Amino acid sequence: MTEPRWLTATEQRSWRAYVDGSARLTELMDRDLKTRHGLSVSEYEILVRLSEAPGRSLRMAELAEHASQSRSRLSHTCARLEGKGLVRREDCPSDRRGVVCLLTEEGFAALERAARDHVEVVRTYLVDVVDPADLAAIGRAFDAVIKRIEAG
């Protein structure tokens, strides 16, 4: 059996800071969005992805990839959003087996309201406290992580 490549003390500190910081930031954003707008971070992310898509719609399979949710979890989340009138699901016109999720006008309006508060949380707890060079490094680092994950 090969010995694991253990993290150095510096790597371990960085890893723990990432795990702890990202969990706390996500909890804070989730709590803020729920309190102010009745949306979870997962629901907010779906609305964002739909708002950025052509025609404000995406196939559920594509939305699952973009929103970092399993198809099953995404289906439940979209059902909640549909119940709130923020999205609508329809059969895919080009493939009867597929389903498309569309952002409603009400959903877009809710996203616009939530985005104003959400960006302040992101700025207050990340962008404004991290040196711009470090923020750029975080972006490059996670682009590399995504690339590695997608490559398998």
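Which helix gives the most to the lining of the second largest pocket? Helix 1 does, with 5 residues.

## Model and numbering

This is a predicted model, in which local features need pLDDT of at least 70, side-chain atom pairs count only at pLDDT 80 or more, and totals for chains, interfaces and linings use all residues. Residues are numbered from 1 along each chain as its sequence is written, and side-chain values use heavy atoms, without hydrogens and water.

## Largest pocket

The largest pocket has a volume of about 1,400 Å³. Its lining holds 31 residues, and the closest to the centre are Tyr18, Thr26, Arg49, Ser68 and Phe142. Two or more lining residues come from each of helix 1 (9-37), helix 2 (41-52), helix 3 (60-66), helix 5 (105-127) and helix 6 (132-151). Helix 6 has the largest share, 9 residues. By class, the lining has 17 nonpolar, 9 polar and 5 charged residues.

## Second largest pocket

The second largest pocket holds about 210 Å³ of space. Glu11, Ser14, Trp15, Ala17, Tyr18, Phe142 and Val145 line this pocket. The classes here are 5 nonpolar, 1 polar and 1 charged.

## Terms

A pocket is an open set of points on a 1 Å grid over the protein atoms alone, where a 1.4 Å probe fits, with protein on both sides within 12 Å along at least five of seven lines; lining residues have an atom within 4 Å of a point. Volume is the space filled by probe spheres set on the points, which are joined across faces, edges and corners. Helices are DSSP runs (H or I, at least four residues), numbered from the N terminus. Ala, Val, Leu, Ile, Met, Phe, Trp, Tyr, Cys and Pro count as nonpolar, Asp, Glu, Lys and Arg as charged, and the others, Gly among them, as polar.
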